[in-house]
Amino acid sequence: MVTKKVIKMLMLLSVMLLSACDNQKAEFDAIRTKALQNPDPWQAWQQLNAEAEKACPEKQAFPSCSEILKTDYRNLSFSLYRKALNQHSSAALTDLFMRDDPPDELKSQMPALAAELISIAGHSSGDRASAKILAAAAHVLDRGKWVQQDSVRAAAYFARAWLAYDTQAPASLSRLFSEQHDDASAVLWRLRCTGECDLSQTPYGESDSLSPRQILRIQSLAKDRSIITVNGQASWEEK
């Protein structure tokens with residue numbers, strides 16, 4: 001039998017839960033107002049995601065937010081993300097194309113957005129700030145999913161990303177040249193893959209087709225940052 005004490009406790013818990021929900025809704029309204037007032041939707045998106053993680057931690061043992069509130073955060077997040085893309089944010093475009101899969105709502109726009117990404121990357125200054133968008137454009141051209149595959153242009157964009165100090169570009173170029181059976185150039189970029197560069201997804205064995213003399217020559221060429229492909233060097237094997 002339910003005692004009066006139990007009923008009173010249940011009522012108190014209900015009041016506490018309602019109060020918590022009201023506080024969370026008020027907090028969300030304040031965060032939304034702040035986000036929508038930010039003239040930079042990409043910055044607003046980043047700040048919103050940080051606020052949402054604080055308000056509704058994904059890894060918390062017991063849910064702290066209702067599904068309705070989580071949906072409100074997700075909808076606002078996507079709205080800001082789309083707005084950033086509509087404003088041609090290079091950071092938003094880079095983020096979109098470095099994901100494994102785009103949001104379903106954007107799939108129909110991906111070919112046009114890919115073309116825009118490549119165009120912005122192509123007109124970039126090539127400084128350190130350009131490294132990520134150059135690498136993203138290179139991956140798009142290399143994969144050939146949203147635009148026609150173009151390995152030559154992909155290599156050029158990867159090389160520009162490397163010159164802008166992207167750490168993973170040498171691994172991508174080593175793999176790309178290996179797939180094109182240009183073993184000398186594959187080794188060139190393997191040699192340049194140092195520090196944080198990860199070769200774990202890159203095939204190995206290109207040097208088997210090269211003589212010790214050729215490998216020594218490639219090691220020498222690798223020091224020259226103007227050299228993108230070994231086969232472009234006249235009679236490189238004999239030098």
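Some ground rules. Residues are numbered from 1 along each chain as its sequence is written, and side-chain values use heavy atoms, with hydrogens and water left out. Because the model is predicted, local features need pLDDT of at least 70 and side-chain atom pairs count only at pLDDT 80 or more, while totals for chains, interfaces and linings use all residues.

Let's start with the core. A nonpolar core here is a set of buried Ala, Val, Leu, Ile, Met, Phe, Trp, Tyr and Cys residues joined through side-chain atoms within 4.5 Å. Buried means under 20% relative accessible area, exposed over 50%, and partly exposed in between, with a 1.4 Å probe and protein chains only. The largest such core has 62 residues. Those with the most contacts inside it include Y73, L85, F97 and L188. Which helix gives the most to this core? Helix α6, residues 131-143, with nine residues. Helices are DSSP runs of H or I, at least four residues, numbered from the N terminus.

Look at L85. Contact means heavy atoms within 4.5 Å. Leaving aside neighbours within four places in sequence, L85 is in contact with A92, L93, L96, L106 and L113.

Next, a helix pair. Two packed helices are described by the angle between their axes and the distance between the axes. Axes are lines fitted to C-alpha atoms over the stretch in contact, and angles run from 0 to 180 degrees between N-to-C directions. Helix α5 (residues 110-122) and helix α7 (residues 151-163) pack at about 50°, with axes 11 Å apart. That makes α5 oblique to α7; angles under 35 degrees count as roughly parallel, over 145 as roughly antiparallel, 65 to 115 as roughly perpendicular, and the rest as oblique. On the α5 side, I118, A121 and G122 make the contact; on the α7 side, R153, Y157 and R160.

Now the loops. Most residues other than glycine have a negative phi. H88 has a positive phi of about 65° and is not a glycine. H88 is found in the loop between α3 (67-86) and α4 (90-97). Y165 also has a positive phi, near 75°. Y165 is in the loop between α7 and α8, and counts as partly exposed at 47% relative accessibility.

Last, T167. Its place is in the loop between α7 and α8 (169-179). Is T167 buried or partly exposed? Partly exposed, at 36% relative accessibility. T167 touches E196 and C197, not counting residues up to four places away in sequence. The C-alpha atoms of T167 and E196 are separated by 6.2 Å, though the two are 29 residues apart along the chain.

Definitions and conventions
Helices (H or I, at least four residues) and strands (E, at least two) are DSSP runs, numbered from the N terminus.
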